[in-house]
Amino acid sequence: MASTPTIPSRTETIRAWKEQGGAIAAVLPIHHPRALLRAFGLLPVEVWGPPRVDPAPGAAHLQPYVCSIVGNALSFLLRDGLEVADVILVPHACDSLQGLGSLLLDFVRPRQPVFPLYIPRGRRESDLQFLADECRALYDKLAAATGRTPSEAELMESIRREEEADGLLAELYRRRRTLPLTDLAFYRLARAREYLPAEEFAALLRAVLDTPPTDPSAGLPILLSGIVPEPMGLLDAITQMGGVVVADDLACCGRRLYPPGTSTAPFRRMAERILNAPPDPTRGSPIAERLRHLMGMARETGARGVVFYDVKFCEPELFDLPLLRRRLQEAGLPSVHIEVDLNDPLSGQILTRVEAFLEMVAHQTPEEGHR
Ligand code: SF4
């Protein structure tokens, strides 16, 4: 089983984009209308932390119980890590990100314009309308910042490009077990969506999807949930322990398998895509819906357990977990909850817990599961 296809790094991608005269939008997690940014010539480059930065500069401005995604993002910015960005977009996924948005707007004030984006906590018609209006308001701010005014046709073309890339990503997910990729290689590829231009990402995926199918990957099938698989060595460690990740409910990956929209009005279509994505606690998805989604994935893939791999102090995750895990257990799908700080290495303690969980699951007969 091989290896990662050659994926351009963030730095190479940013450099190449800027050399072509493009601009960069640094985008905080989780959901945002990529197509809207691209229509203005801005390449969205997502900032999930990043991991392993000195957290001290950000810590001076934040409460100690704020997660390391937000703490690291602020530290990175204060150390000029976002200098390459021309605008900064802060979607309000949670209170911590909302707090970061306010800090950037009112206190820290980086040189780039900072745009917040409110994501509704439901899927009603009023939520759709609200998010479409948010996209329209962001359009106006981007127009003022860039001097551009993309037409409706240009917006729709930009949406089409993103939908094509997301369609291929969904296909990659469907065929993951018969692709010549280790789990680590699979997630390196899937996570390149965080910064590659959609058309470049789509070309990479087409090359992988064109390879002949392999025998289904062997190992104890599990689901990975949570926020972001960092350090990514976790994935190789799971492989070495005899596990195989057959599906995920990660905020950076599976929760962003955006389906195509249907509306012919661009802002509404952007909103549809985000609100019709798989359930996500940061979008207010009910626990029952998350339970159905996880159980459905487990049935489809044969997964025998769930590893919830969270960033410490992540409130949206922590609110759901007690009830969600209890319901999963009652339905025959055991789980383990692991919390990490993005600045910590992969510790022996974490590996021991994952290994113990895999062993426990391996000894449970499949008939005991998925009741
Ligand atoms: S890890 Fe949780 S608390 Fe932190 S930014 Fe993400 S959703 Fe918010």
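What follows is a chat about the sheets, the helices and the ligand shell.

Me: What kind of model is this?
Reply: A predicted one.

Me: Start with the sheets. What is the strand order in the one that has S5?
Reply: The order is S6-S5-S7-S8, an open sheet of 4 strands with parallel pairing. Strand S6 (243–250) and strand S8 (335–340) are the edge strands, each pairing on one side only. On average, neighbouring strands are turned by 25° against each other, direction ignored.

Me: How many bridges join S5 to S6?
Reply: 7 bridges, with S5 covering residues 220–226.

Me: Then S7 to S8, how many?
Reply: 6 bridges, and the two strands run parallel. Val307 is paired there with Val336 in S8.

Me: How many residues of S7 are buried?
Reply: 6 of its 6 residues. On one side these are Val306, Phe308 and Asp310, and on the other Val307, Tyr309 and Val311, so both faces of the strand are covered.

Me: Which helices lie on that sheet?
Reply: H13 lies across S5, strand S7 (306–311) and S8, at about 160° to S8. Helix H14 (residues 348–363) also packs on the sheet; H14 touches S5, S6, S7 and S8, and its direction makes about 170° with that of S8.

Me: Other sheet now. What is the order of the strands there?
Reply: S2-S1-S3-S4, an open sheet of 4 strands with parallel pairing. Its edge strands are strand S2 (42–46) and S4, each of which pairs on one side only. The twist from one strand to the next averages 25°.

Me: How many bridges join S1 to S2?
Reply: 5 bridges join strand S1 (residues 23–27) to S2, and the two run parallel. Ala23 stands opposite Leu42 in S2.

Me: What packs on S3 and S4?
Reply: H5 lies across S3 and S4 and runs at about 145° to S3. Helix H6 (residues 125–146) touches S3 and S4 as well, with a direction at about 170° to that of S4.

Me: Which residues of H5 are buried?
Reply: Ser96, Leu97, Leu100, Gly101 and Leu104. They pack against H4, strand S3 (87–92) and strand S4 (114–118).

Me: Why would residues three or four places apart point the same way?
Reply: An α-helix has 3.6 residues a turn, so positions with that spacing point the same way.

Me: What follows H5?
Reply: Arg109, with a positive phi near 45°.

Me: How far is His92 from Pro29?
Reply: 8.4 Å in space, C-alpha to C-alpha, and 63 residues in sequence.

Me: How many residues does the largest nonpolar core have?
Reply: 110 residues. Those with the most contacts inside this core are Ala25, Ala26, Ala73, Ile88, Leu89, Cys135 and Leu223. Ala26 touches Val45, Val47, Leu82, Ala85 and Ile88, again not counting residues up to four places away in sequence.

Me: Switching to H8. How many of its residues are buried?
Reply: 8 of the 9 residues in helix H8 (residues 183–191). The buried ones are Asp183, Leu184, Ala185, Phe186, Tyr187, Leu189, Ala190 and Arg191.

Me: What covers them?
Reply: The cover includes helix H7 (152–174), helix H9 (198–209), helix H10 (233–240) and S6.

Me: Last topic, the ligand. Which residues come nearest?
Reply: Cys67, Ile69, Cys94, Val311 and Cys314, out of 14 residues around the ligand. Helix H4 (68–78), helix H5 (95–108) and helix H13 (315–330) are the elements that give two or more residues to the shell.

Me: What is the shell like by class?
Reply: 11 nonpolar, 2 polar and 1 charged residues.

How values were computed. Residues are numbered from 1 along each chain as its sequence is written. This is a predicted model: local features need pLDDT of at least 70, side-chain atom pairs count only at pLDDT 80 or more; totals for chains, interfaces and linings use all residues. A residue is near a molecule or strand if its C-beta atom, placed from the backbone, lies within 6 Å of it. Ala, Val, Leu, Ile, Met, Phe, Trp, Tyr, Cys and Pro count as nonpolar, Asp, Glu, Lys and Arg as charged, and the others, Gly among them, as polar. Two strands pair if DSSP finds at least two bridges between them. Axes are lines fitted to C-alpha atoms, for helices over the stretch in contact, and angles run from 0 to 180 degrees between N-to-C directions. Two residues are in contact if their C-beta atoms, placed from the backbone, lie within 7 Å. A residue is buried if 20 or more other C-beta atoms lie within 10 Å of its own, exposed if 12 or fewer, and partly exposed in between; C-beta atoms are placed from the backbone. A nonpolar core is a set of buried Ala, Val, Leu, Ile, Met, Phe, Trp, Tyr and Cys residues joined through C-beta atoms within 7 Å.
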